[in-house]
Amino acid sequence: MTSSLAPALAQLAQIAANDSIKVSQAFSSWCSSNGFDTTTCGTITTAIIRSPGGNLARRPGMLCTLAGKCPTGCKIPLTNANGTIISRELLDMCTDSGTVSGIFVPRPVPTGSTCLADSDCTASGAWCDLGAAATQVCKCAAGLDVCNIVGQCNPNRCPLYASITSQNTDLAGCSQSSDCSAGFECQLTPYQTYNCTYTTQSGSILAPRNHSGYCVEAAPSLQSAKLDDNAASIMVALSVAASGFTTTCSAIFSDKTVAKLGSSAICSVDPYQLDSRNMSILLQVMLLVLHTWR
């Protein structure tokens, strides 16, 4: 059996061949104007839209089959530039001509540095990087696209150790508190970080680095204290910034310290001051004076 549908679709497939929407629109118009029923045209148009890059529209053998005009084993007429039939070839649902002598659409997965798995990489130590460099590559099987994520063979294995080297940013190594940022101190507990380096000569090397300890947030403490000129309050410098608050000093200091300040001493940090590391202690003696003036 022969069919004149495949040659016509082969020409149609050249229209915006990489845009599935435009190709489907062109096919829909062609399909309805050539006497095909609405259901058939709609089904094939939808299939074209869903195919990567409109690949289905570049496979006239598959379109002819979907339209019910090219059963398996039929021969497709090949025409010259004048439209004269010069030969007939077996149907193929994956080629650009719709026949066995055509070119597969798309072409097979390229070789070389591309890969689907680590086993595809022949260079020593190389692995299949399916990260940012990966692309989707499709091949045709029975007229339909079978797609895979294709990566690049990468000789640098350092990205594989990201989960190990990422801990370097979690805790900074140190041997003394001066190695740490402001507000942090060195906790002297043995700690190990890892660095990965890559060179074409040596390959990827994951090397440990030992530290005496690691930086942790410093515990809040009192840095200094100064009694004001009238002995009514004490200005205390804190090691870290504090949120604004006002409370009895017994909520902060030990009983021994409160006994010296006075049980009614008030501690506060003004939330509107420029430096919230300053805490004011209003002494009991000042509170007694204020009470007397009332």
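Q: What stands opposite Thr 246 in β15?
A: Ser 268 does. Keep in mind that this is a predicted model, where local features need pLDDT of at least 70, side-chain atom pairs count only at pLDDT 80 or more, and totals for chains, interfaces and linings use all residues. Residues are numbered from 1 along each chain as its sequence is written, and side-chain values use heavy atoms, with hydrogens and water left out.

Q: How many bridges join β14 to β15?
A: Four, and the two strands run antiparallel. Strands here are DSSP runs of E, at least two residues long, numbered from the N terminus. Two of them count as paired if DSSP finds at least two bridges between them.

Q: Which sheet are they in, and in what order do its strands come?
A: An open sheet of five strands, ordered β12-β13-β16-β15-β14, with antiparallel pairing. The edge strands are β12 (222–227) and β14 (245–248), each pairing on one side only.

Q: By how much are neighbouring strands turned against each other?
A: By 20° on average, direction ignored. The axes are lines fitted to C-alpha atoms, and angles run from 0 to 180 degrees between N-to-C directions.

Q: OK, cysteines. How many disulfides does the structure hold?
A: It holds 10. A disulfide here is a pair of cysteine sulfur atoms within 2.5 Å.

Q: What does the link of Cys 115 and Cys 128 look like?
A: The S to S distance is 2.2 Å. The torsion about the S-S bond is about 95°, so this disulfide is right-handed. Cys 115 lies in strand β3 (residues 114–115) and Cys 128 in strand β4 (residues 127–129), so the pair ties together parts that are 13 residues apart in sequence.

Q: Are Cys 115 and Cys 128 buried or exposed?
A: Both are buried, meaning under 20% relative accessible area with a 1.4 Å probe and protein chains only; exposed would be over 50%, and partly exposed is in between.

Q: And which hand does the link of Cys 180 and Cys 215 have?
A: That link is left-handed, with -85° about the S-S bond. Cys 180 sits in the loop between β7 (173–174) and β8 (184–187) and Cys 215 in strand β11 (residues 213–217), so the pair connects parts 35 residues apart in sequence.

Q: Which partner does Cys 70 have, then?
A: Cys 64, with the sulfur atoms 1.5 Å apart. Both cysteines are buried.
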